[in-house]
Amino acid sequence: MKLLGAVLIILASTWAGVEWSRTVSERSRQLRQLKAALQSLEAEIVYGMTPLSVACSHICRQVGHPISWFFDSFRKKLDAGQGTAYEAWMESMEEVWKYTAFKQEEKEVMKQLGATIGQHDREHEQKQIKLALIHLEREEREARDNQMKYERMFKSLGVLGGILLVILLI
Amino acid sequence: MEEALRVLPENVREILCQYTEMERSTIEEIRMRINRPLEIMINGKPNFPLLNGQTYFISKDDSSQMINKLSHYSLYALEEELKKGFVTIEGGHRVGLAGKVITLNGHVKAIRDIASFNVRIAKQKLGIAVPLVSYLYAGGWTNTIILGPPQSGKTTMLRDLTRIMAEGDNVRRIPSAKVGIVDERSEIAGCVLGVPQHRLGDRVDVLDACPKAEGMMMMIRSMSPEILVVDEIGRKEDSEAIVEAINAGIKLVVTVHGTSMDDLHRRPSMQGLINSGSFERIVELSRKDGPGTIHAIKDKTGKEIRRKKVI
């Protein structure tokens, strides 16, 4: 009976550790997706001159959740045609942000991009998206460093913590 | 009209909803200028409508709403249109733009800070070209020039003639034909995303916003039209392309600025074309009894076939 309890505790804490480490790797995964999405938005704008709502529906199909939710919500708001593109962008961010692993820095970058989206000519739009991409690149590098540093640590912490708990309880 | 309402700012739309259905169908233009009153042209007369008992002044906000709606929130997508100064919207209506122009190497690059909008309501006059049919069709369509001063309804006439040619006419036993349109100024077909907004029949192919001379050659090479329709020819390279088309066995229907056949003889780029006798019919329009008055129909020697006023 004691042994079963000990195994359960170790399993549970290991699982907690894995989950914890996933949130770290999740951020860099989502950052990669967001970058891919913005890159294809850039291509749609610069080479296709596609209107935003059409471009967003293309992007939705290319990237995974939760990034696609953001573009989907943005597209729906544009099609409804109320207010400005910036308002639609900000509202979509509010809605979707809680499902993402992003931090404050990414929010700032996206906010800046939203302020100019769809209001300038192609060159200007391209510059703004490039700028956002550079910022995201930096965040991604940082996220990757964190991932390397902490991912393994959280996992082993989970296992070792479980063992510690078992030893203390015995 | 309904399509045009969709791109208007909310306040302006509200004002237009005050008009009755009947009045609304007679609106020709809706003009908006920032900080100046809204102007609506009905039957050639300006109207300055009221909102809540006051003359309505167009605000900056109205203008940015309008731009957002015209561009679907994507200004970059309007680059070509901002260069040309107008946007064609669904229904074939046209929104003319004016404001601060940006140039690059002496050419217009775009209009920025748009301060004036002019929504011109397109009205297709179905059947306006029917009186012409018996003169222009004799076992087959003839090469035709439609001649007239500005605002005499040349393009409207050409559009309806195109429709008749492409649809055919069961009563007169005229079979339908493949028609190619080179629509440099997007006026004949009024295309949105390449799809004609006016009723032109099922057998029409349109090269939208394409330079005429080049477009005619493209059509001949790739689309094998039986009839080519071109608006406002006049430059030297147009004439060359026309000679090419006629010798390729394609029938041509074109419009030209001018009041009478003598004007054509005086223009060096047109002289050759007229003298070669390639054009078997010349239709002269005038504005005497309103746009679309048929002044005369002449054959290639300049002899009149008919002289009667029809509206």
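The side chains of B:Glu90 and B:Arg6 meet in a salt bridge, at 3.8 Å from N to O, a salt bridge being a side-chain nitrogen of Lys or Arg within 4 Å of a carboxyl oxygen of Asp or Glu. B:Glu90 lies in the loop between β6 (86-88) and β7 (94-104) of chain B and B:Arg6 in helix α1 (residues 2-7) of chain B, so the pair ties together parts that are 84 residues apart in sequence; helices (H or I, at least four residues) and strands (E, at least two) are DSSP runs, numbered from the N terminus. B:Glu90 is partly exposed, with a relative accessible area of 43%, whereas B:Arg6, at 53%, counts as exposed; here buried means under 20% relative accessible area, exposed over 50% and partly exposed in between, with a 1.4 Å probe and protein chains only.

This is a predicted model, in which local features need pLDDT of at least 70 and side-chain atom pairs count only at pLDDT 80 or more, while totals for chains, interfaces and linings use all residues. Residues are numbered from 1 along each chain as its sequence is written, chains are lettered from A and ligands numbered from 1 in the order in which they are written, and side-chain values use heavy atoms, with hydrogens and water left out.

Over all chains the structure holds 33 salt bridges. In one of them the side chains of B:Glu284 and B:Lys298 come to 2.8 Å, N to O, linking strand β14 (residues 281-286) of chain B, which holds B:Glu284, to strand β15 (residues 293-299) of chain B, which holds B:Lys298, across 14 residues of sequence. Both partners are buried, B:Glu284 with a relative accessible area of 3% and B:Lys298 with 12%.

Another residue of chain B, B:Thr255, lies in strand β13 (residues 251-257) and is buried, with a relative accessible area of 0%. Its side chain is joined to that of B:Asp231 by a polar contact of 2.5 Å, and the side chain of B:Thr255 also reaches the backbone nitrogen of B:Glu232 at 2.7 Å. A polar contact is a pair of N or O atoms within 3.5 Å; within protein, one must be able to donate a hydrogen and the other to accept it, and residues adjacent in sequence count only if both atoms are side-chain atoms.

In chain A, the 14 residues of helix α3 (residues 67-80) should span 20 Å at 1.5 Å a residue, and the end C-alpha atoms are 21 Å apart, which agrees; the expected span is 1.5 Å times one less than the number of residues. The buried residues of α3(A), among them A:Phe70, A:Phe71 and A:Phe74, pack against α1 (2-48), α2 (52-62), α4 (85-97) and α5 (104-116) of chain A, contact meaning heavy atoms within 4.5 Å.

Finally, chain A and chain B bury about 1200 Å² between them, 54% of it on carbon and sulfur atoms, where buried area is the accessible area (1.4 Å probe) that two parts lose on being put together, summed over both. A:Met49, A:Pro51 and A:Gly118 supply 31% of the area that chain A buries against chain B, more than any other three residues. The contact takes 18 residues from chain A and ten residues from chain B. Across this interface the rule finds one salt bridge, and B:Glu79 forms a salt bridge with A:Arg122, the closest N and O atoms being 2.9 Å apart.
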